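My entries follow in the order I made them.

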Amino acid sequence: MIFRILMAAYAALFAWPSAAAPIEAYGKLPAIEAVEISPDGTHIAVIRTVNEERQVIVRNVATGAAHGMRVGDIKVRDVRWASPDHLLIVTSATATILNVIAPKSEWRMVGLYNIK
């Protein structure tokens, strides 16, 4: 008898319908897309999104000082450390090659950012 009462209480507890998230929540970019720690452990690089705008931020672990760049709607795919002072930023764009008849393709580019 007690088992039935406990099972009924358990079922009632989890039977309440939950409110679904608004449809806009599923289309938003994640707030933080990637995090990479520098080889010497003194800096952290972060790809983040603020108000639908991407930013690449480098933060000093010891002091908390941060600097970086706004990249807007550029597709930032990855960040990697080339050395303790140099960050590789991988981006991509959908385009065609000039004067070539071909469908659009996704082209990747790598930029080097000196954090000093």
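Entry 1, turns. This is a predicted model. I began at the hairpin of β2 and β3, which has 2 residues between the strands, and found asparagine 51 with a positive phi near 55°. Most residues other than glycine have a negative phi. I then checked the hairpin of β3 and β4, with 5 residues between them, where glycine 64 in the turn has a positive phi of about 85°. I also noted asparagine 99, a residue other than glycine with a positive phi, near 65°. Asparagine 99 lies in the loop between β6 and β7 (105-114). I recorded asparagine 99 as exposed, because its relative accessible area is 75%, and the cut-off for exposed is over 50%.

Entry 2, strand pairing. I followed β3 to its partners. β2 and β3 pair in the antiparallel sense over 8 bridges, and alanine 45 stands opposite valine 58 in β3. On the β4 side, β3 and β4 are also antiparallel, paired over 6 bridges; there I found isoleucine 57 opposite glycine 68 in β4. How many of the 8 residues of β3 are buried? I got 6, and so noted the strand as mostly covered.

I located glutamine 55 in strand β3 (residues 53-60). Is glutamine 55 buried or exposed? It counts as buried because its relative accessibility is 7%, and the cut-off for buried is under 20%. Leaving out residues up to four places away in sequence, I listed the contacts of glutamine 55 as Val46, Ile47, Arg48, Val50, Met69, Arg70 and Val71.

I took methionine 69 next; it lies in strand β4 (residues 66-72). With 28% relative accessibility, methionine 69 counts as partly exposed. Beyond four places in sequence, methionine 69 touches Gln55, Val56, Ile89 and Tyr113.

I looked up the largest nonpolar core and found 13 residues, with Val56, Val58, Val79, Leu87 and Ile89 having the most contacts inside it. β2 (43-50), β3, β5 (75-83) and β6 (86-95) each supply at least two residues of this core. The largest share, 3 residues, comes from β5. For valine 79, I listed contacts beyond four places in sequence with Glu36, Ala45, Ile47, Val56, Leu87, Leu88 and Ile89. In soluble globular proteins, nonpolar side chains tend to be buried together.

Definitions and conventions. Residues numbered from 1 in each chain as written. Predicted model: local features only at pLDDT ≥ 70, side-chain atom pairs only at ≥ 80, totals over all residues. Heavy atoms only, no water. Helix = DSSP H or I, 4+ residues; strand = E, 2+ residues; numbered from the N terminus. Buried < 20%, exposed > 50% of the residue type's maximum accessible area, 1.4 Å probe, protein only. Contact = heavy atoms within 4.5 Å. Core = buried A, V, L, I, M, F, W, Y, C linked by side-chain atoms within 4.5 Å. Pairing = 2+ DSSP bridges.
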